[in-house]
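Reader: Hey, I've just opened this one and I'm new to it. Can you walk me through a few spots?

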Amino acid sequence: MRYLCLFYIDQNLADAASKEEWAEIDRESLASNDELKRSGHYVASNALADPRTAKTLRVRAGKASWTDGPFAETKEHLGGFLLIEAKNLAEAMEIAERDSLARMGAIEVRETAGF
């Protein structure tokens with residue numbers, strides 16, 4: 001089964017982290033991805049640019065409306081994703097727990113619909 005791990009970044013934690021701490025998280029994340037590739041769990045991943053670069057589309061009554069930024073005002077923003085193969089939700093959760101980016105916010109683990 002495939003699971004999508006969505007990484008949410010708490011901006012307060014991100015702003016408080018040093019460049020060295022971010023460099024460590026980056027190294028750990030890349031090493032984790034390499035391990036997931038070796039174990040056959042890795043499908044795809046990517047970090048996202050600053051949420052201020054986002055545009056959000058809503059279509060209502062056939063009319064498109066675009067707004068700047070992410071779709072909701074929250075203290076956390078979507079910072080990236082990891083798509084993995086896992087035998088079940090428990091294994092997907094174990095994989096997510098090993099990711100160092102969890103220190104900067106939260107990781108949502110969701111089974112894909114399989115379309």
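Reader: Leaving aside its neighbours within four places in sequence, which residues is Asn 33 in contact with?

Author: Tyr 42, Ser 45 and Leu 82 are in contact with Asn 33, once neighbours within four places in sequence are left aside. Keep in mind that this is a predicted model.

Reader: Okay. Where is Asn 33 placed, and is the residue buried or exposed?

Author: Asn 33 sits in helix H2. Asn 33 counts as buried because its relative accessibility is 13%, and buried means under 20%.

Reader: Switching to charges: how many salt bridges does the count come to?

Author: Six salt bridges. One of them joins the side chains of Glu 28 and Arg 103, at 3.3 Å from N to O.

Reader: Why does that pair tie together parts that are apart in sequence?

Author: Glu 28 lies in helix H2 (residues 19-39), while Arg 103 is in the loop between helix H3 (89-97) and strand S6 (105-111), so the bridge links parts that are 75 residues apart in sequence.

Reader: And how do those two score on relative accessibility?

Author: Glu 28 is at 29% and counts as partly exposed. Arg 103, at 40%, counts as partly exposed too.

Reader: What does Glu 35 form a salt bridge with?

Author: With Arg 38, and the closest N and O atoms are 3.1 Å apart. Glu 35 and Arg 38 are three residues apart in helix H2, so about one helical turn separates them. Glu 35 is partly exposed at 41%, whereas Arg 38 counts as exposed at 61%.

Reader: How far apart are the closest N and O atoms of Glu 108 and Arg 110?

Author: They are 2.4 Å apart, and the pair forms a salt bridge. Glu 108 is partly exposed, with a relative accessible area of 24%.

Reader: New topic: which residues make the nonpolar surface patch?

Author: Leu 57, Val 59 and Trp 66 make a nonpolar patch of about 330 Å². Leu 57 belongs to strand S3 (residues 55-60) and counts as partly exposed at 41% relative accessibility.

Reader: What about Ala 61, what is its phi?

Author: Ala 61 has a positive phi of about 50°, although it is not a glycine. Most residues other than glycine have a negative phi. Ala 61 is in the loop between S3 and strand S4 (63-68), and at 85% relative accessibility it counts as exposed.

Definitions and conventions. Residues are numbered from 1 along each chain as its sequence is written. This is a predicted model: local features need pLDDT of at least 70, side-chain atom pairs count only at pLDDT 80 or more; totals for chains, interfaces and linings use all residues. Side-chain values use heavy atoms; hydrogens and water are left out. A salt bridge is a side-chain nitrogen of Lys or Arg within 4 Å of a carboxyl oxygen of Asp or Glu. Helices (H or I, at least four residues) and strands (E, at least two) are DSSP runs, numbered from the N terminus. Buried means under 20% relative accessible area, exposed over 50%, partly exposed in between (1.4 Å probe, protein chains only). Patches are made of residues with over 30% relative accessible area and no salt bridge: like charges are joined within 9 Å, nonpolar side chains (Val, Leu, Ile, Met, Phe, Trp, Tyr) within 5 Å. Accessible areas come from the Shrake-Rupley method with a 1.4 Å probe; for residues, only the protein chains shown count as cover. Contact means heavy atoms within 4.5 Å.
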